[in-house]
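Please open the structure in your viewer, with the sequence alongside, and follow the stops below in order.

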Amino acid sequence: MEDWIKSMQVSIIGHALVTKHCLPYMRHAIGGKSGHGPSIIFLGSISSFRAQPGCATYATMKGAIVQMARNCAFDFAKYNIRVNSICPGTIGKLK
């Protein structure tokens, strides 16, 4: 159970705290040359979508991060803040 709690503190609560403390500054940011507002990028994983043996804790935390990004995208759109998640996967060996 300790690995679940530590993973939740680092992964989910970590993303939430960074977002919470950056949001007041981002709400007042003006878009750069592109004219777009600021952007938040959450780090998910292919494990957010695909089950793998022995990865229940990791996959659950990454799935929660992807869902948090989706919800934040809706909540922060009114401030012109874009929210996305990137979900890297495994890479095979180079020959």
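Begin by selecting Thr19, which lies in helix H1; helices (H or I, at least four residues) and strands (E, at least two) are DSSP runs, numbered from the N terminus. The model is a predicted one, in which local features need pLDDT of at least 70 and side-chain atom pairs count only at pLDDT 80 or more, while totals for chains, interfaces and linings use all residues. Residues are numbered from 1 along each chain as its sequence is written, and side-chain values use heavy atoms, with hydrogens and water left out.

Is Thr19 buried or exposed? Thr19 has a relative accessible area of 8% and is therefore buried (under 20% relative accessible area, with exposed over 50% and partly exposed in between, for a 1.4 Å probe and protein chains only). Leaving aside neighbours within four places in sequence, Thr19 is in contact (heavy atoms within 4.5 Å) with Ile40, Phe42 and Phe76.

Next, select the whole of H1, residues 2-27, where Ser11, Ile12, Leu23 and Met26 are among the buried residues. What covers the buried residues of H1 includes strand S1 (39-43) and helix H2 (56-76), which can be coloured separately.

Of its 13 residues, Ile40, Phe42, Met68, Cys72, Phe76, Ile81 and Val83 touch the most other members. The largest share of this core, six residues, comes from H2.

Finally, select Val83, which, apart from neighbours within four places in sequence, is in contact with Ile40, Phe42, Ala69, Cys72, Ala73 and Phe76.

Technical notes. Expected span 1.5 Å × (residues − 1). Core = buried A, V, L, I, M, F, W, Y, C linked by side-chain atoms within 4.5 Å.
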